[in-house]
Amino acid sequence: MTRTLIIGAGITGAALAFQLSRRGEAVTIVSTHAEGGLASAASFGWLNASFFLSHPHFHLRHEGLAAHRRLMDQLPGLPTTWPGCLWYEATGEAQAETAADLRELGYSVETLTRAQIAAKLPALGPVPETALFFAEEGVADPATLARALIAASGAQVVRATVQALTLDAGRATGVLTDIGPLSADRVILATGTGTPALLQPFGYSLPMLKRPGLMLTTNTLPPICPVVLATPDQEVRQDEKGHLHVPASAGHHGDHAESLGAFPVVINATIQRLRALFPGQEIHFAHQAMAMRPVPGDGLPVVGQGPVAGLWLAVMHSGATLAPVVAELLAAEITGGPESPLLAEFRPARFQ
Ligand SMILES: Cc1cc2nc3c(=O)[nH]c(=O)nc-3n(C[C@H](O)[C@H](O)[C@H](O)COP(=O)(O)OP(=O)(O)OC[C@H]3O[C@@H](n4cnc5c(N)ncnc54)[C@H](O)[C@@H]3O)c2cc1C
């Protein structure tokens, strides 16, 4: 049995552990943070392909939604839901162009009138003239999903910090951690923002953007937001207990800000926007989670063979959407299957 060490217990490492164990591999996960990861524990969890940077990126994300549905078949009871997304981040001509582009790519897009929007979201205060509805989109809390996938994989989990990789004859054969060495037949880095430091000794410089993300949760409210809502200045979803989940930055997938600003100011401004969106609701701040988004330099995933034999990389933003499909494809490739054309644009070699 081939022994694989996966470094990282977020959604990426967890999805890989699940896919490799299904193929009969012995998997050990090593992670500084508990099962559920780092960025994964602060994520908005919107599963979508309506945000994309290139057509290959769209196709990977679209397949990502299908991979989530396959996971739900493989593991009945996962809390992933498919409420769809009501989107008017852009309005007017820009909105119509977005709709045309996505339809051309084969995405499900409905253009809703003001009356249809009001009927779908009666609690919405300012109702736009038109909005797009993306019926295929969903929600998964990546940390919860990661814990479920790790449990289902049967992988052993070691809480430790990897300090370096160990090599034998130019091949990765394990890691040195703060609690001692661990050996394996191959190593996968699913280490998010922790990845560049581990690759540096090999002369491989993985550029990462500085993209802090702040996620807020409110008090429980009556059901007011049955979809993922994406307005020009706020994204929001509501969980089954009634909490609203809100990124503090609008258009958070493509957010370019390198700093967040003073938390009390940012939190207050976000809550004010929510109150304007849902007038008459007693909306209060309850909780915050902050993490750096693991965004490679060109914004796209980095997936595949690393700079030495036996070392594989899986680093990405939008990992809530992408991790299940990346794990399916990478696990197949690692265990001797063909390289998927879906991953062709996202190979680590582009930074070498
Ligand atoms: C605020 C915010 C909102 C987001 N919203 C969305 C969204 O709506 N939709 C979407 O698709 N994506 C979203 N994302 C992105 C998505 O959450 C991430 O891409 C995804 O969670 C990355 O998962 P990961 O497992 O690769 O990394 P992480 O969850 O960051 O996990 C990395 C793991 O590696 C471990 N690690 C790192 N270095 C070491 C080391 N040296 N030794 C041992 N362990 C190590 C950490 O302990 C951790 O367990 C959002 C992210 C943020 C922060």
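A residue is buried if 20 or more other C-beta atoms lie within 10 Å of its own, exposed if 12 or fewer, and partly exposed in between, with C-beta atoms placed from the backbone. By that count 14 of the 16 residues of α8 are buried, so α8 is largely enclosed by the rest of the structure. Helices (H or I, at least four residues) and strands (E, at least two) are DSSP runs, numbered from the N terminus.

This is a predicted model: local features need pLDDT of at least 70, side-chain atom pairs count only at pLDDT 80 or more, and totals for chains, interfaces and linings use all residues. Residues are numbered from 1 along each chain as its sequence is written.

**Two domains**

The protein chain splits into domain 1 (3–46 + 143–207 + 297–351) and domain 2 (85–135 + 212–292). The bounds come from an automatic or database domain assignment. Taken over C-alpha atoms, the domain centres are 31 Å apart. Eight residues of domain 1 are in contact (C-beta atoms, placed from the backbone, within 7 Å) with 13 residues of domain 2. On the domain 1 side, six of the touching residues are nonpolar, two are polar and none is charged. Here Ala, Val, Leu, Ile, Met, Phe, Trp, Tyr, Cys and Pro count as nonpolar, Asp, Glu, Lys and Arg as charged, and the others, Gly among them, as polar.

**The ligand shell**

The ligand is surrounded by 41 residues, and G10, G37, G194, G213 and G319 are the closest. The shell holds 19 nonpolar residues, 21 polar and one charged. Domain 1 and domain 2 each give at least three residues to it. α1 (11–22), β2 (26–31), β14 (212–220) and α8 (319–334) each supply at least two.

The expected span of a helix is 1.5 Å times one less than its number of residues.

| Helix | Residues | End-to-end C-alpha span | Expected span |
|---|---|---|---|
| α1 | twelve | 17 Å | 16 Å |

α1 comes close to its expected span.

α1 is mostly covered, with ten of its twelve residues buried. Among them are I11, L16, F18 and L20. The cover includes β1 (3–7), β2, α5 (142–153), β12 (186–189), β21 (311–315) and α8. After α1 comes G24, with a positive phi near 85°. Just after α8, G336 has a positive phi of about 100°.

Most residues other than glycine have a negative phi. S318 has a positive phi near 55°. S318 sits in the loop between β21 and α8. S318 is buried, with 26 other C-beta atoms within 10 Å. A169 has a positive phi of about 50° and is not a glycine. Its loop joins β9 (162–168) and β10 (171–177). A169 counts as exposed because it has 6 C-beta neighbours inside 10 Å.

**L65 in α2**

L65 lies in α2 (residues 55–74). With 21 C-beta neighbours inside 10 Å, L65 counts as buried. Leaving out residues up to four places away in sequence, L65 touches L47, A49 and E136. L65 and L47 are 18 residues apart along the chain, and their C-alpha atoms are separated by 6.7 Å.

Definitions and conventions: Near = placed C-beta within 6 Å. Contact = placed C-beta atoms within 7 Å.
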